[in-house]
Amino acid sequence: MPAPPDAPGRADLQRGKSRWTPVSWDDLPGWGQDSLHEAWNAWVRGCERPAPGQAGPCAELRQLAIGTAAEQLAWVMKRFAPYRVTETDGSLPEGLLTGYYEPIMSASRVPTATHRTPLYSPPAGFVSGQPWYSRQEIDTLPAAQAALRGREVAWLADPIDALILQIQGSGRLNLLEPDGRTRQVRVAFAAHNGQPYLSVGRWLLDQGAIREASWASIKAWAAQNPQRLNEMLWSNPRTVFFREEALSEFDARFGPRGAQGVPLTPGRSIAVDPQSIPYGTPVWLASKGPTLNVQKLVMAQDTGGAIVGAVRADLFTGWGGWSDEAYLTAAALKQPLQMWVLVPKQ
């Protein structure tokens, strides 16, 4: 493919799972219409751990935080060049955009008559990346239970909520302490047990037990089939371990730290396949569907077990409970996606 007229001499850039093809700014749908200042905080946070080649622009970025929209747009176009993300052979895939969020749940510091499902920190001597006991074995084998004794971070009332927390990778707990006080803390991803992730929603769909893999339908099925709850939960052998983090007033304004190591920004941070797009890369995202119609700048700052492929992203929607917009958007979001990366000019 020839280079666009405003970028003479630019060649395709090959990545592990993608190819980046040079395009012109006019090829980015909606370019110039986004409120770039809304992405600036996410970009500044990303510059705490800049991607390769981003150190120079990052040094200039903070000064533009108070710049006008026109100044920010002009700077981006001067310092960066756009590339379309494609498959490694240059073909355009059917990209996919989904969403994730940070759940807020009630929890207890100690087990009670209602709160009986534990969240664990990694067991002593645990080696990340090596297979450990499966979810079923953790629930049933004395050796696994002995290894986790005393590693309980908190206790939840609903085992499905615990599963949701593990799939999302982090959350906020309104934690009831033994002295009767309640305080909000964050539980962040620490490790997983080295077992494969398998979807309980897919397990139920394959059996014809539900018609859509939503958490509402999964919970409804579990309420009607309590005798099969463990069978469903054990169909996913992966378990996630957490670490507790204090949640200051400042920290509460941001999401958890993603795989890049910086706090996530609602609506502006995405999880990507790092073999396609390195952490810290500015990405122009375009997606039109029943849940969102978006054309905007986001930052690649996280990853996830299901986020695999060249044009694949998970949009961080924020934090909240079952009735909040962050959850409702994340739960419904599943639609086509196009992506462009912004590469610093040499």
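Tutor: A salt bridge here is a side-chain nitrogen of Lys or Arg within 4 Å of a carboxyl oxygen of Asp or Glu. This is a predicted model, where local features need pLDDT of at least 70, side-chain atom pairs count only at pLDDT 80 or more, and totals for chains, interfaces and linings use all residues. Residues are numbered from 1 along each chain as its sequence is written, and side-chain values use heavy atoms, with hydrogens and water left out.

Student: OK, how many salt bridges does the structure hold?

Tutor: The count is 18. One of them pairs Lys219 with Asp158, at 3.3 Å from N to O. That pair links distant parts of the chain, 61 residues apart: Lys219 is in helix H8 (residues 215–224) and Asp158 in the loop between S6 and H6. Helices (H or I, at least four residues) and strands (E, at least two) are DSSP runs, numbered from the N terminus.

Student: Why does Asp158 count as partly exposed?

Tutor: Because its relative accessibility is 23%; buried means under 20% relative accessible area, exposed over 50%, and partly exposed in between, with a 1.4 Å probe and protein chains only.

Student: What else does Asp158 do, at the end of H6?

Tutor: Asp158 caps the N-terminal end of H6, with a side-chain oxygen 2.8 Å from the backbone nitrogen of Ile160. After H6 comes Gly169, which has a positive phi near 95°.

Student: And is H6 mostly covered or exposed?

Tutor: Mostly covered: eight of the ten residues in H6 (159–168) are buried. Among them are Ile160, Leu163 and Gln168.

Student: Switching topic: where is Lys296, and what's the nearest side chain of opposite charge?

Tutor: Lys296 is in strand S12 (residues 293–302). Lys296 is buried yet has no salt bridge, and the nearest side chain of opposite charge is Glu38, 6.5 Å away. For charges, Lys and Arg count as positive and Asp and Glu as negative, while His and the chain ends are not counted.

Student: So which backbone oxygen lies 2.7 Å from a polar atom of the Lys296 side chain?

Tutor: That of Gly267.

Student: Back to pairs. Where do Asp206 and Arg202 lie?

Tutor: Both are in helix H7, four residues apart, about one turn of the helix. Asp206 counts as exposed because its relative accessibility is 57%, whereas Arg202 is partly exposed, with a relative accessible area of 46%.

Notes. A polar contact is a pair of N or O atoms within 3.5 Å; within protein, one must be able to donate a hydrogen and the other to accept it, and residues adjacent in sequence count only if both atoms are side-chain atoms.
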